[in-house]
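Welcome to this short tour! Open your viewer, get your selection tool ready, and follow along one stop at a time.

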Amino acid sequence: MITMYVTYAGNADTPFNREHWINVHFPLVLECWGPYGLERLAGFLPQEDGGGLIAIATCVFRDEAAMRTALASPETARVMADVDLVTAVKPQRSLATPL
């Protein structure tokens, strides 16, 4: 398994539609990337000022090849278009480092 973190940076004044992110965006991500090997998806929304962090999602894929295939898939355009409905902030991706 491999975990990709998707982070959104900003502050308390940065618009971020939490309801859409949880209730629309997450199901869309699972629909689009599940067939390519996305196994789990979770989100974290810090209380008040998250120290520059608005939200973080963890996307757990079967393996690195599955993650790369999902990101290169045509469905990724739908995922990214929906991000624009959540926030104007561009998410940053990073991979978990094994301990």
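Predicted model: local features only at pLDDT ≥ 70, side-chain atom pairs only at ≥ 80, totals over all residues.

Stop 1: Is Cys 32 buried or exposed? Its relative accessible area is 2%, so Cys 32 is buried.

How many disulfides does the structure hold? The number is zero. To see why, look at the sulfur of Cys 32: the closest cysteine sulfur belongs to Cys 59 and is 12 Å away, which is too far for a bond. A disulfide would need the two sulfur atoms to be within 2.5 Å. Starting from Cys 59 leads you back to Cys 32, again at 12 Å and too far for a bond.

**Stop 2: a pair of helices.** Next, select helix α1, residues 18-33, together with helix α3, residues 76-86. Their axes come within 9 Å and cross at roughly 175°. Because of that angle, α1 is roughly antiparallel to α3; the cut-off for this description is an angle over 145 degrees.

Show the side chains where the two helices touch. On the α1 side, the contact includes His 20, Trp 21, Val 24, His 25, Leu 28 and Cys 32, the cysteine from your previous stop. On the α3 side, look for residues including Thr 76, Arg 78, Val 79, Asp 82 and Val 83. What classes of residue make up this contact of α1 with α3? There are ten nonpolar, three polar and three charged residues.

**Stop 3: a histidine.** Stay in helix α1 and pick His 25. With 4% relative accessibility, His 25 counts as buried. Which residues is His 25 in contact with, leaving aside its neighbours within four places in sequence? They are Tyr 8, His 20, Val 79, Asp 82, Val 83 and Val 86.

Stop 4: Finally, select helix α2, residues 64-72, and colour Ala 66, Met 67 and Ala 70, which are its buried residues. Turn the view until you look down the axis of α2: the buried residues fall within an arc of 100°, so they line one face of the helix.

What do the buried residues of α2 pack against? Show strands β1 (2-9), β3 (53-61) and β4 (92-95), along with helices α1 and α3, and you will have the packing partners of those buried residues on screen.

Terms used:
Residues numbered from 1 in each chain as written. Heavy atoms only, no water. Buried < 20%, exposed > 50% of the residue type's maximum accessible area, 1.4 Å probe, protein only. Axes fitted to C-alpha atoms, helices over the stretch in contact; angles between N-to-C directions. Helix = DSSP H or I, 4+ residues; strand = E, 2+ residues; numbered from the N terminus. Parallel < 35°, antiparallel > 145°, perpendicular 65-115°, else oblique. Contact = heavy atoms within 4.5 Å. Nonpolar A, V, L, I, M, F, W, Y, C, P; charged D, E, K, R; others polar. Arc of directions from axis to C-beta.
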